[in-house]
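Hello,

Here is the structure you asked to look over. My notes on it follow below.

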Amino acid sequence: MTADQQNAFLALRTPARTRLLLSSVIGVCIFYLACILLDILLLGDVTLLAISLRFGVVLPVALVLMRYVSGDHPIVNKEHAALGVAILGNVCWCLILVSSRNPAVLGYFYAAASFQMVVTIAAASPFRPSLIASLLIFVLNYSVIWFLEGSSGFYVLQHLAVYLPTVGMTLLVSYQLESEAIANFLQSQENEVLKRELSRQNKDLARLSVTDPLTRLSNRRGTDGELSRLRLEMPQAMENTVVLIIDVDHFKAFNDGYGHGAGDDCLKRVARAMRRALPLDAHLARQGGEEFLAILPGTDADKAGHFAEAVRRSVRQLGIAHEFTRDRNRHVTVSVGAATGTILNDDDFQSLVDAADQAVYAAKADGRNGWRINERQQVAQDVA
């Protein structure tokens, strides 16, 4: 893992590890103190020493450990502290057995394997600290074993036959637990990356599905989505709306004369010019081919002509040459149809679009490069 992944791994596992470690400390402490009964039963000659070490040394330290584990400290420090207390408990237990002259200590000393299980399984610490603690406990126990009453080389070999498999198996379990935890974490990290990438791609696809790939304006589906948003968020503004239908004049002749590449470039420049000419909150979309639609919610009817003229002028000022118009205009121009009213529902919107579309035909019939407002309002404007 990288350093960042390691930090994230520790941060993720800290709450659960703290709870598990605290419960393990409490459980092991209770078990350790309960073993005083075995001390009294098997090693009656050191009862006072056993009580003193278990309750006078280990118990107070364990209580401090519990408080420390419950506090806001790095989980690594908590795990190291728990291992340290486990080693302290082993030391005290060894002192009890070494101090006894009862031959029963040889049988009792097989319980040394329980300390190995504490540092690798009960504490559930990472593999490396568990390995270090296991080595320390191994050195401690097999330094003490020679001082037990009745110990011999044969007894040490017998003890090793039991103890070494315990060490090997518990360390293997510790390694597997840590490996699985890391593997699960890395898998979850990879899943999160994949989820974020999938979410990004879904957003890109959603954006592309409502965007015209050539002009980067909305398409028909984008217009439907914008209408739904406006009706939900600002229904009052929808009652007074200006709708513009904009058609590029003689565009087929431009395409045929200059080629489709030039035609695409022309549409992109026209779209950018119109976008700059309209307010930021206006919705501008490509309806298809050379036809565009603009929706200006919350706009009074008397401003329809102003915005229609702004769009017309912005395109004419581009100065895109067009030698195939077969009329007095020798540049790319647009004809604009405007209609005003409510678009609170789809029928109202379609009626307004139809009215603006009729106004476009009227503007084209009058020579193009101009605008008309639907005939019901009797307002018109021509610009040579």
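**Surface patch and main pocket**

A nonpolar patch on the surface is formed by Met117, Ile121, Val173 and Leu177, with about 300 Å² of accessible area together. Helix H6 (112-122) and helix H8 (153-209) are the elements that give two or more residues to this patch. The model is predicted: local features need pLDDT of at least 70 and side-chain atom pairs count only at pLDDT 80 or more, while totals for chains, interfaces and linings use all residues. Residues are numbered from 1 along each chain as its sequence is written, and side-chain values use heavy atoms, without hydrogens and water.

Met117 lies in helix H6 and counts as partly exposed because its relative accessibility is 39% (buried is under 20%, exposed over 50%, partly exposed in between, with a 1.4 Å probe and protein chains only). The buried residues of H6 are Ala112, Ala113, Phe115, Gln116, Val118, Val119 and Thr120. After H6 comes Ala124, with a positive phi near 50 degrees.

The largest pocket has a volume of about 400 Å³. Its lining has 26 residues, and Val28, Cys29, Tyr32, Phe115 and Val118 lie nearest its centre. The elements giving two or more residues to this lining are helix H1 (3-34), helix H3 (47-70), helix H4 (75-99) and H6. H1 gives the most, with seven residues. By type, the lining divides into 21 nonpolar, four polar and one charged. Lining residues have an atom within 4 Å of a pocket point, on a 1 Å grid where a 1.4 Å probe fits, in an open set with protein on both sides within 12 Å along at least five of seven lines.

Regards

Methods
Patches are made of residues with over 30% relative accessible area and no salt bridge: like charges are joined within 9 Å, nonpolar side chains (Val, Leu, Ile, Met, Phe, Trp, Tyr) within 5 Å. Accessible areas come from the Shrake-Rupley method with a 1.4 Å probe; for residues, only the protein chains shown count as cover. A salt bridge is a side-chain nitrogen of Lys or Arg within 4 Å of a carboxyl oxygen of Asp or Glu. Helices (H or I, at least four residues) and strands (E, at least two) are DSSP runs, numbered from the N terminus. Grid points are joined across faces, edges and corners, and a volume is the space filled by probe spheres set on the points. Ala, Val, Leu, Ile, Met, Phe, Trp, Tyr, Cys and Pro count as nonpolar, Asp, Glu, Lys and Arg as charged, and the others, Gly among them, as polar.
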